[in-house]
Every structure is written in C-alpha cells, then in structure tokens.
Amino acid sequence: MEEKKLTMKDYVIETPKVVLENIERSKELTNKLVEEYLKKDFKRVVIVASGSSYNGSLCAVEFLKKVLKKEIKVISPFTFTYFDNDYDENDFIIVISQSGRSTNSIDAINTIKSKGLRTIGITGNVHSDFEDVCDVVVDYGVGIEKVGMVTKGVVTLTLFLMLSAVEIQIRKGLMSAEEGNDWKNAMRKSMDAHKQLQQSTFEFIEKHKKELTSMHNVWLISAGSNLSTIIEGALKIGESVKIHATAYESEEFLHGPVFPLNPDYVVFIYDTNKSEKASERIHQIYQGVKGVTDKVYMITDKPQIGEDVISTSVSIPEEILPLAYLAVAPLLAEYSSQALETKYHPLFSNLWKAVEIKTKKKEN
C-alpha cells in the first residue's frame, strides 16, 4: 500500500500531541542548551534564524524577555553575516535551522567561528550539515516533518525556546519549580486553545470557501505576541496559495498601508488579550475595515461576534498566544492551495537555478 503523503493540515493536527510530550520531558529536552547558557552571565541573547525558524523565534521573544529579563535579538543569517555581527563572548548566540541545511545559516555559523566564539546550532535534524560545522548541536524536539512549508516545526521551536527560558531560571534559582510548573501548565492549556482554533478554522472554511478560493491580496493584522504569529501566517499563505500576503502591526496598518484597501481585499485580524484597551482597539479596527470589505475576519478568544470569527473559549497569557494561534493560517492556506491546486509560475524554476538556499545533504 502506498504511504499517505502528509500535508500541512496533518502536521497542524499532530502539533498538540508533540507539544504536550515535549513539555513532559522539558528538562531533558532543553538540558543541552541550558548547560551552555549557564556557563556565564551573558548580557543578551542573539538568535540567528531565517524563514519559519526566524518567525518561530520571534514568537518566543516576548516570553523570553519576560522570563530571562535580558535583551533578545532575532537576526536573519544574511544580515548577521554581512551587516550585524558585532557580538562577542558576552553574547549568547544561537543559530537555528529546522533542516540544518540552510546555506545562509551555515554562513552565519562560520562567521561566529571566525570570531573564535562557540557555535551552537539548534535544529530538527541533528545529522545535517550542522553536525559538521557546530561545536554543539541541539535537537529542539520537532520530530519528523516532511512538508517544506513547516508548521509543527514553528510551534515546537517556539515552545522549546520558552521551555529553555523556564529551565534556565529554575536552575539559576531565579524561578521556583512551582512558578515553572505554572508556566508549563499555561503551555499545556494553550494546546486546548490550539485544538479549538483548529476546529473553529475547519468550520470557518466550510462557510467561506468562495472567499478563500478567490483571494488575491491578503493582510494580516495584530500586535504584541501575535504580531509574530501573523508574520508567520503571511508567510504560510504567500508560499502556499502563491498570492501576496502581508503582516502589519495593528496601528501601523492605519498609518499608510491601509490606503489601498477596497472590497476585494481579504483581512485577517488577530486579537490580543494583553489589556482590555488594546483588544478594544483591535476590535475597533475590525469594525472599521468591515465598512470597506466584507472579507475581514477576526481570530479571538472573546465571545462570538458573528460567523466571520475564528475563536477559542480558552484564554492563555499573552506571551504564549502564538503557541495556539499559529494553528489558524496554515489550515486556511492548506485549504486554499489544495482547492485551487496552486502551482508555481512556469518561470519560477529559473530562480532556484540561480540561487541555492539548501545544501545537498539529505534530511533524516
């Protein structure tokens, strides 16, 4: 019997199970990275990553700042290699690539090595090129994900960074085991929200098939931790459906980007629960945009406000919202791309002939 070809949808559905398993083995999973961090009192954390690994890192930033109480920087490998690498032994630098084969990440590792600094690679594929170029290779616990447009990998990376921060502070005596368990319980709860958002998205798709198969320009709007969620969401829609999708911070959206808005645009607005006023403002934007286009949709944990809403009744701390809300955009993208049977433009192959982004080494 031919093995079933898994899709983004399959990996989104699988995500809560893997997340819960990884929380249970948090100490073991993060120990290698925690040991590296505890070697000295670093002044800041520098995360070098690209694509969905960059976005997954961004999704953890608000949590890392709150728990580690350090400056956290996320830099793309190309920028790190050529423009922004004035860092030293007082900086905790990690390079992340789910495949461990991204050429730009390998260049960044070599840049770190040229400075005489320790090279730490975080990956979902420890027997990749990272194994050959890094001093330390850390498996962040994604398991196997064979679809190039990764989903499970993003959430499990975000979780890994969050868990690492908790375990570091417990080991340093700056967080009690009880406080650590409170955060882990919130992360567990986020998977209840993830499952509800999955179900709500499936129901939304059934009601909005025409709209989802006629998208040309898509905006995703949010703020706070979910700003990172929508950056990843825009990537998933763009690379899957092969249309233009852009993410904007909610207020910045109003200061220029909003002007092309017309009834043909599709807008997904992700709520925040950081404060009542912040959420009220995002809902106000939702109502305002609805006056221009009917194709504006809210993703929220607030009570239902109509059929144009994807929602969960589970409320979780703002700093960990991405763990749950990352479920939505890939499912929308998966449906649209499968229904439309989207394909690359015939000339697109010329790009990969000219530009290499992965090494030839096979993944696990």
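Tutor: Begin with a definition: the expected span of a helix is 1.5 Å times one less than its number of residues. Keep in mind that this is a predicted model.

Student: What span does helix H2 reach from its first C-alpha to its last?

Tutor: H2 covers residues 26–37, which is 12 residues. At 1.5 Å a residue the expected span is 16 Å, and the helix comes close to that. From first to last C-alpha, H2 reaches 16 Å.

Student: Within what arc do the buried residues of H2 fall?

Tutor: Buried here means under 20% relative accessible area. The buried residues of H2 are Ser26, Leu29, Thr30, Leu33, Val34, Glu36 and Tyr37. Seen down the helix axis they line one face, because they fall within an arc of 150 degrees.

Student: Which exposed residues does the face of H2 turned away from its buried side carry?

Tutor: Exposed means over 50% relative accessible area. On the face turned away from the buried side, the exposed residues are Lys27 and Glu28.

Student: Which are the edge strands of the open sheet?

Tutor: The sheet has five strands in the order S2-S1-S3-S4-S5, with parallel pairing. An edge strand pairs on one side only. The edge strands are therefore S2 (71–75) and S5 (136–139).

Student: Which residue in S3 stands opposite Val46?

Tutor: Strand S1 (residues 44–49) pairs with strand S3 (residues 91–96) in the parallel sense, over six bridges. Opposite Val46 in this pairing stands Ile93.

Student: What angle does the direction of H2 make with that of S5?

Tutor: H2 packs on the sheet and touches S1, S3, S4 and S5. Its direction and that of S5 make an angle of about 145 degrees.

How values were computed:
Residues are numbered from 1 along each chain as its sequence is written. This is a predicted model: local features need pLDDT of at least 70, side-chain atom pairs count only at pLDDT 80 or more; totals for chains, interfaces and linings use all residues. Side-chain values use heavy atoms; hydrogens and water are left out. Helices (H or I, at least four residues) and strands (E, at least two) are DSSP runs, numbered from the N terminus. Buried means under 20% relative accessible area, exposed over 50%, partly exposed in between (1.4 Å probe, protein chains only). The arc is that of the directions from the helix axis to the C-beta atoms. Two strands pair if DSSP finds at least two bridges between them. Contact means heavy atoms within 4.5 Å. Axes are lines fitted to C-alpha atoms, for helices over the stretch in contact, and angles run from 0 to 180 degrees between N-to-C directions.
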